[in-house]
Amino acid sequence: KLGLGPRTKMANIYMQKVAVYCGATLGKNPAFATKTIELGTYLASKRISVIYGGSRYGLLGKLCDSIVSNGGDITGIIPHFFLKNDAYSAGCKEIVVPDMHTRKKMMFDRSDAFIALPGGLGTMEELTEILTWSKLGLHSKPVGLLNVDGYYDHFLEWMKVGIAEGFVKVSSVEEVLIVSSDPVTLVDELSKRWVCPHTDNPKMKEVF
């Protein structure tokens, strides 16, 4: 398992908000939806607020429904052009932004940690970008990968190849990424390894 080393947590300060990246379709494997619902239910039970992409479709919709139905807090950040397709999800708070770049930046700013579930190109882009920002020293927030039924096995193998070929540093992965197939384990690991930031990182102002 990839993960962070031990860190010190400030007294009475805990991870409060998590950004979740996942697909706007359900995928072919029913386990994708099942694990998404398990994740949403557990986050709601732990009173951890969720920031997500705002859609009512696919795994995004399952995530929102599972959190709302269990009394949790979830906010969708959605570009205005998605509203034309009635893409927003009922029951969750919505913030409409002008474009995708603003959406990603706002999700980053409002979150203490990140979780990627199965998804397509958009999910992969969000996951690799947040890992890249960590490598560049723009943040130290932990990143969780919910590897449902081996969906991300090939991605993890690709990173091993990247390490072996000298394109990816071991520290870029091991110090940030936490991998698990179980939603409860993943959330608990993120919570234990999250560190309360003392100040905003000025480097983030240079990203956008």
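In the predicted model, the second largest pocket holds about 340 Å³ of space. Its lining is made up of 20 residues, and those that lie nearest the centre of the pocket are C22, A24, L60, F82 and R103. Strand 1 (17–21), helix 3 (100–109) and helix 4 (121–135) are the elements that give two or more residues to this lining, with helix 4 giving the most, namely four residues. Sorted by class, the residues around the second largest pocket comprise 10 nonpolar, seven polar and three charged members.

L60, one of the residues nearest the centre of the second largest pocket, has its place in helix 2. With a relative accessibility of 7%, L60 counts as buried, because buried residues are those with under 20% relative accessible area. When neighbours within four places in sequence are left aside, the contacts of L60 are with C22, G23, A24, Y52, G53 and S55; among them, C22 and A24 also belong to the residues nearest the pocket centre. L60 and T36, which are 24 residues apart in sequence, have their C-alpha atoms 8.5 Å apart in space.

The structure also holds one cavity of 30 Å³ or more, and the space within the largest cavity amounts to about 50 Å³. The cavity is lined by Y21, K104, M107, E126, E129, I130 and W133, and the elements that supply two or more of these lining residues are helix 3 and helix 4. Helix 4 gives the most to the lining of the largest cavity, with four residues. By class, four of the lining residues of this cavity are nonpolar and three are charged, whereas no polar residue takes part. Two of the residues lining the cavity, K104 and E129, are also linked with E125 in a network of salt bridges.

In total, eight salt bridges are found in the structure. K35 and E38 form one of them, with the closest N and O atoms 3.5 Å apart. Both residues lie in helix 1 (residues 30–45), and because they are three residues apart there, about one helical turn separates K35 from E38. K35 is partly exposed at a relative accessible area of 22%, and E38, at 34%, likewise counts as partly exposed.

The salt bridge between the side chains of D73 and K93, at 2.6 Å from N to O, links distant parts of the chain, since D73 lies in the loop between helix 2 (58–68) and strand 3 (74–79), while K93, 20 residues away, lies in strand 4 (residues 93–97). Both partners are partly exposed, D73 with a relative accessible area of 29% and K93 with a relative accessibility of 46%.

In soluble globular proteins, nonpolar side chains tend to be buried together. The largest nonpolar core of the present model contains 31 residues, of which V20, L39, V50, Y52, L63, I74 and I115 touch the most other members. At least two residues of this core come from each of strand 1, helix 1, strand 2 (49–52), helix 2, strand 5 (113–116) and helix 7 (183–193). Helix 1 gives the most to the core, with six residues. Beyond its neighbours within four places in sequence, L63 is in contact with V20, T36, L39, G40, V50, Y52 and I74. A second, separate core of 25 residues has A116, W133, Y152 and M159 among its members; of these, W133 also lines the largest cavity.

Methods. Residues numbered from 1 in each chain as written. Predicted model: local features only at pLDDT ≥ 70, side-chain atom pairs only at ≥ 80, totals over all residues. Heavy atoms only, no water. 1 Å grid on protein atoms, 1.4 Å probe; cavity = no way out; pocket = protein on both sides within 12 Å on 5 of 7 lines; lining within 4 Å. Points joined across faces, edges and corners; volume = space filled by probe spheres on them. Nonpolar A, V, L, I, M, F, W, Y, C, P; charged D, E, K, R; others polar. Salt bridge = Lys/Arg side-chain N within 4 Å of Asp/Glu carboxyl O. Buried < 20%, exposed > 50% of the residue type's maximum accessible area, 1.4 Å probe, protein only. Core = buried A, V, L, I, M, F, W, Y, C linked by side-chain atoms within 4.5 Å. Contact = heavy atoms within 4.5 Å.
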